[in-house]
Amino acid sequence: MTFTRKPLWIALCLAVAGCQSAATSESATPAGLALSAWSTARTDGLEAAQLIATDGSSLDADRLLAGRDGLRLLDGSGRTLAHRAGFYGPTDHRVSADGLLVATMDLDRQTPVLMTLEDGQHWSTPLALPQPAFKVEGLCLYRDAARNAFLFLVGEEGQGEQWLVGQDARLVTPRRVRGLALPPESEHCQVDDSRDRLYVNEAGVGLWAYDAHPEAELKRRPVALVQPFGNIAQSAAGMAVVPGGVLLLDAEARQLLHYHDGTDGWQAEPALALGDLDDAEQLSARPARGGVELLIAHDEGLHGGTLDWRPSAAETEASLPVVPVQAQTEPVPSLGDAADDPAIWVHPTDATRSRVLGTDKQGGLMVYDLAGTLLQSLPVGRLNNVDVRPNFRLGDRTVDLAVASNRDRNALHLFAIDRQSGVVSELGLAPTPLKDIYGLCLFQDQDGSIHALPNDKDGRFLQYRLDGRDGRIRAERVRQFTVDSQPEGCVADDAAQRLYVGEEKHGVWSLDARAEVEPRLEPVIEVGEALHADVEGLALYRTAGHSYLVVSSQGNDSYLVLDAAPPYRLRGAFRLGLNAGRGIDGASETDGLEVTSANLGGPWHAGMLVVQDGRKRMPETAQNFKYAAWADIARALKLP
């Protein structure tokens, strides 16, 4: 690995010889470097410096400087292209065909601000975030596959936050997405957009990688650790991301470290000595011909060169299409893992007055309108799954029926839905012999009889025919079958008289739903490349021309759409992403879901999908349910 002369903007003295990669020789000793300062740059009071990324940009800009001299954009010869007076600190940027986005700390106000470049010459009026409750040590930008822009804040004492700040080329009203528990000695961060990966330093410990996506679980993985556990001699400071790798400064040891993100994990290359360069805390990099162009900032100025290293970028999985959430419900009352399974009740005469029923598995049943407003809360116990069917004869009246699995009583919990008002009222319980009742779905046969199919964690399914003609509901057990391991989700196709059941670790099965038919399980789809365990909610979308099975693939936060008939062709998979304009977060770690093809009006003219959101963010509250328009799903998957 070598530093080489970079014409146009730097004079660099070389003293490199015989440096080999770790893959070639474990005993290779990197040579020292003699660096000279960047004499053309104003560096008095410099707080941050970055090379401007070149991908997708038509800007004639080369570098960005922030400090007591303000925020200054320079070209390759050092000429100022744009300047804003002020005192600015940690800085990051993103470029695209739409322009330049910059995030920086306004140190006079102790507030993160965002700016865009207008006409290639002027900074826009700064858009300020609310003043954080902690001192911000570092910040970094992230742009996801849906072109949403986020800002990460790294603060003292391990405090951190992620904020939504833009969509496409627009800045939006900043919204806090989530809080982050970060290492206590963190000051620097960077994001690899292509891999949705956030890097954060922990000065005396090492370099960590987190999932940057706003719906991701907060967990960290080590990239490099301080000796004797890794190759960092003393301390981890600033880092820079390049395709296929990451670079890290060890300021105390005066070393530059670089790591290749290979198929077998992180591979450390030999450290490069930085000579007598003291307090090199900040690092910027961009791909260049034959290697990586570097910019190192420290108290006395800027230093740079070209690193003769071009790691091969590891392959990334193709991104699934992202469908924006259009509405969300108010949170369920209980905290933690509480919301679970929704059902959609379609009003018989005015579909715009339809309802969404959702379980709070720590407390009861919630009833929402199509805007997500909570209309009713029935605190009847731990309900896990719920389903609805119309036209149930109850004595001398006809109601629509909702049935839920009650885990407190190992029973079927029954509710009447008034067909005009949509008001839900409790009818009572029907006991079952199940020891740990779990999931449930309903089936309406050709005679109009409604069947309830609860299941147990031990794999058992029981089928009950429900009868309320004498005014009391009776549950007659008519069939039983078993899967090999824990099930939960199930859905019946009443028209085709088919039942689909999910086995969480294995996949989805189909069988005849009729009680008088011997149950024979037929495979629909197994856990594998497309479907990731746990298999959770199942729902059916049926029109006159098409019938689709929708499956919650909880293990990779996606939703599958298959033909609901052999050979069960997989039509595609998608994710539910945040809606920046409406200020609604996406959905992830989904348990139950439901879908309807009914025209519910407005965005729901082609039907709607309702899913449980396992990680409620923006803001972080109790769990809730998210609504997506089927028209958006059909467009994303190119469904007929």
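Helix 1 spans residues 630-637 and is largely enclosed by the rest of the structure, because 6 of its 8 residues are buried. This description rests on a predicted model. The buried set comprises Trp630, Ala631, Asp632, Ile633, Ala634 and Leu637. Lys638 follows helix 1 and has a positive phi, near 55 degrees.

Most residues other than glycine have a negative phi, and most peptide bonds are trans. Positive phi values occur at Glu157 and Asp196, neither of which is a glycine. For Glu157, phi is near 60 degrees. Glu157 sits in the loop that joins strand 12 (148-155) and strand 13 (159-167). The relative accessible area of Glu157 is 65%, so this residue is exposed. For Asp196, phi is about 50 degrees. The loop between strand 15 (189-192) and strand 16 (197-202) holds Asp196.

One links Ala533 to Asp534, with omega near 5 degrees. Asp534 belongs to the loop between strand 44 (522-526) and strand 45 (535-542). The other runs from Met618 to Pro619, with omega near 0 degrees. Pro619 lies in the loop between strand 50 (608-613) and strand 51 (624-629).

Conventions. Residues are numbered from 1 along each chain as its sequence is written. This is a predicted model: local features need pLDDT of at least 70, side-chain atom pairs count only at pLDDT 80 or more; totals for chains, interfaces and linings use all residues. Side-chain values use heavy atoms; hydrogens and water are left out. Buried means under 20% relative accessible area, exposed over 50%, partly exposed in between (1.4 Å probe, protein chains only). Helices (H or I, at least four residues) and strands (E, at least two) are DSSP runs, numbered from the N terminus.
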